[in-house]
Amino acid sequence: MVRALKVGILNGDDIGLEIVPASVRIACAAAEITKQAIEWTELPLGRLALDSHGTTMPKGTLEALSTLDGWILGPIGHREYPKVPEAINPHPILRKHFDLFANVRPTRSYPDIGCLHDNVDLIIVRENNEGFQPDRNVYMGSGEFRPNPDMTISVRVISMEGSRKVARAAFELARVRRKRLTLAHKNTVFKLGCGMFVDACYEIAQDYPDVIVDEMMVDAMGMRLVRNPQDVDVVVTTNMFGDILSDVAAGIVGGLGMAPGLCIGRGSIAMAQATHGSAPDIAGKGIANPYAMIESTRMLFDWLGHKHEAAAAVEMSSLMRLGLDTALANPATRTPDIRGSGTPADMEHAIIEAMGQAA
């Protein structure tokens, strides 16, 4: 008998307090249908943790997470945190501590929700722990510093090992999809940094002779996403380029509310994390689009199901996708940002009802 999956709940900030509980309720409904046992653990993190525990990353949270199979992380509104040492941005710490080096960001179009293109189905695999991001690209200190009042220096870190790891994750995805992988980079300018990334990718490509590889300059890749996204399957790129390209991709299929993500590494732990922010301006108004968080949660259970040979979790994922497809097909169960008249609760109820009918 497959053991229960141990999954954490980190609600995050602002709309996270709405969309994470909805995602958990939908996952619970799917698990009940498929008989997949789940042990849920809710842990403090973010602004509420700062108010209740004196820090956004309470002592013991990392230790507790290390005992789990994965967790759902709600959006973090760190830009609005008070400027005190205890108010740190938690999610780069989670990615780095658990070596979640690959951020898998799918983009998929749906009919009638305001997509700029139809038949879009692509994945951007973003390197998660290096690049220009100064909160995670060095072992100690910061990759960004100001030697005098008029100068700021930002260090970009690219390593062979980091590039190899994210490349292998992307090739594995491409192999089970359409067997096409695009390397997005700018080695005409960053001859050493992007050059090393490209070299690492081609080194890993030797292990995947069945995958067709091409490459594009990152600016041309942005244009390609806007003009011909149907031609794109899996893209692998460095940290900041991946962050930018995935937002461009989200823009062509309805916005950041349609932008899910899953952070994975070499081990058996994964983190579901929608790629949008915490949107404090719409929190509590009943209009936040929960799709990205629900889809991220669905991706988590699909990944855990395959990783732990839990067929019921894979079935959960299939049910959740069916429910999402059903809810998005009806304007009454879609939120206003994607040409709907419904609320997040309407979408949640429609998904659960569709899953029940399918069962």
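Strand β4 gives the most to the lining of the largest cavity, with three residues. Keep in mind as you look around that this is a predicted model. Who else sits around that hole? Sort the lining by class and you get five nonpolar, three polar and one charged. The volume of this cavity is about 40 Å³, and the count of cavities of 30 Å³ or more comes to one.

How do you find empty space in a protein at all? Rolling a probe the size of a water molecule over the atoms shows where empty space is left.

Now let's move on to the pockets. The largest pocket holds about 950 Å³ of space, and 32 residues line it. If you want to find its centre, look for Val104, Leu173, Val176, Ile264 and Trp303, the lining residues that lie nearest to it. Which element gives the most to this lining? That's α9, with eight residues. At least two residues each come from β4, β5, α5, β11 (262-264) and α9 (291-307), so you meet β4 again here, as defined by its run of residues. By class, the pocket lining has 16 nonpolar, three polar and 13 charged residues.

Next, take a look at charged side chains that pair up. Across the whole structure, a search turns up 20 salt bridges. One of them joins the side chains of Asp121 and Arg177, at 3.4 Å from N to O. Where do these two partners sit in the chain? Asp121 belongs to strand β5 (residues 121-127), while Arg177 is in the loop between α5 (160-175) and β8 (180-185). The two are 56 residues apart, and the pair links distant parts of the chain.

Finally, check out how two helices pack. Two packed helices are described by the angle between their axes and the distance between the axes. For helix α1 (residues 16-34) and helix α11 (residues 344-358), the angle is about 5° and the axes are 10 Å apart. Because angles under 35 degrees count as roughly parallel, α1 is roughly parallel to α11. Which residues do the touching? On the α1 side you'll find Ala22, Arg25, Ile26, Ala29, Ala30 and Ile33, and they meet Glu348, Ile351, Ile352, Met355 and Gly356 in α11. The residues of this contact divide into eight nonpolar, one polar and two charged.

Note on methods
Residues numbered from 1 in each chain as written. Predicted model: local features only at pLDDT ≥ 70, side-chain atom pairs only at ≥ 80, totals over all residues. Heavy atoms only, no water. Axes fitted to C-alpha atoms, helices over the stretch in contact; angles between N-to-C directions. Helix = DSSP H or I, 4+ residues; strand = E, 2+ residues; numbered from the N terminus. Parallel < 35°, antiparallel > 145°, perpendicular 65-115°, else oblique. Contact = heavy atoms within 4.5 Å. Nonpolar A, V, L, I, M, F, W, Y, C, P; charged D, E, K, R; others polar. 1 Å grid on protein atoms, 1.4 Å probe; cavity = no way out; pocket = protein on both sides within 12 Å on 5 of 7 lines; lining within 4 Å. Points joined across faces, edges and corners; volume = space filled by probe spheres on them. Salt bridge = Lys/Arg side-chain N within 4 Å of Asp/Glu carboxyl O.
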